[in-house]
Amino acid sequence: MAVFGRRVDIPGGQRRTVRQAVVLAASALGMRRSISVIVPDLSERGAKLQGRNLPAAGERLLINFGETGLLATVAWNARDECGIVFDRQLDTLGVAQLQREADWAKVMGVA
C-alpha cells in the first residue's frame, strides 16, 4: 500500500483507501494560477501531486487528468509534494480509467 503524508481527519493518521501507483501528467487549476503536476498515486478519495510551487493546504483546485476533471482541496503540502482530497469520490471505473491513461503514457514513453 502506497502512503504519503499523515492524515489528520482520521485518528492515528491511517487512510481509508489503498493508493494505486500511477504516473499521470495533470493540470492543477487554482483561483490565481495553473500548475503542471505529476500524479504518482491516487485512490477513490484523493491523490498525491508532485511539482513546483504547489498550492497551500486548504486551497481549492480543479485537477484535470486528461479527459477527467475533478474538484479537490489540498490536504497537506510539503516541499514539492502535496496531497489532495477529491470533492466527489471516484468510483472503481474512474480509478481504472486513470490507471489506463497512466499505462498509455508508459507505452508512449512519456512516463
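Let me start with Ile 84. Leaving aside residues up to four places away in sequence, Ile 84 touches Arg 45, Gly 46, Ala 47, Leu 49, Leu 61, Ile 63, Ala 72, Thr 73, Val 74 and Ala 75. A contact here means heavy atoms within 4.5 Å.

Before going on, some housekeeping. This is a predicted model, and residues are numbered from 1 along each chain as its sequence is written. Local features need pLDDT of at least 70 and side-chain atom pairs count only at pLDDT 80 or more, while totals for chains, interfaces and linings use all residues; side-chain values use heavy atoms, with hydrogens and water left out. The score itself, pLDDT, is the predictor's confidence in each residue, from 0 to 100.

Now the overall layout. Helices (H or I, at least four residues) and strands (E, at least two) are DSSP runs, numbered from the N terminus. Of the 111 residues, 39% are buried. Buried means under 20% relative accessible area, exposed means over 50%, and partly exposed is in between, with a 1.4 Å probe and protein chains only.

Back to Ile 84, and to the core. Which residues touch the most other members of the largest nonpolar core? In this core of 23 residues they are Val 39, Leu 42, Leu 49, Ile 63, Phe 65, Ile 84 and Phe 86. Two or more residues come from each of strand E1 (20-29), strand E2 (34-42), strand E3 (46-50), E4, strand E5 (68-78), E6 and helix H1 (92-107). A nonpolar core, for the record, is a set of buried Ala, Val, Leu, Ile, Met, Phe, Trp, Tyr and Cys residues joined through side-chain atoms within 4.5 Å.

The structure holds one aromatic pair. The ring centres of Phe 65 and Phe 86 are 6.4 Å apart and the planes stand at 85°, so the pair is edge-to-face. Phe 65 sits in strand E4 (residues 60-65) and Phe 86 in strand E6 (residues 81-86), 21 residues apart, so the pair links distant parts of the chain. Both Phe 65 and Phe 86 are buried. On the cut-offs, rings of Phe, Tyr and Trp (its six-membered ring) pair if their centres lie within 6.5 Å; planes under 30 degrees apart count as stacked, over 60 as edge-to-face and the rest as tilted.

Next, the strands. Two strands pair if DSSP finds at least two bridges between them. E2 and E3 pair in the antiparallel sense over three bridges, and a hairpin joins E2 to E3 through three residues. Within that pairing, Leu 42 has Ala 47 in E3 as its bridge partner. E3 and E6 also run antiparallel, joined by five bridges, and Lys 48 stands opposite Gly 83 in E6. E3 is mostly covered, with four of its five residues buried.

How is E4 arranged, and which of its residues are on the covered face? Leu 61, Ile 63 and Phe 65 form the covered face, and Arg 60, Leu 62 and Asn 64 the uncovered one. E4 pairs with E5 in the antiparallel sense over six bridges, with Leu 61 opposite Ala 72 in E5. The hairpin of E4 and E5 has two residues between the strands, and Gly 66 in this hairpin takes a positive phi near 60°.

Two loop residues come next. Most residues other than glycine have a negative phi. Asn 53, in the loop between E3 and E4, has a positive phi near 50°. Arg 79, in the loop between E5 and E6, has a positive phi of about 55°. Asn 53 is exposed, with a relative accessible area of 61%, and Arg 79 counts as exposed at 80% relative accessibility.

Last, confidence. The average pLDDT is 78, and 73% of the residues score at least 70. Among the elements, E6 has the highest mean pLDDT (96) and H1 the lowest (66). Over residues 6-12 pLDDT stays under 50, and the model has seven contacts beyond four places in sequence for them. Residues 105-111 also stay under 50, with five such contacts.
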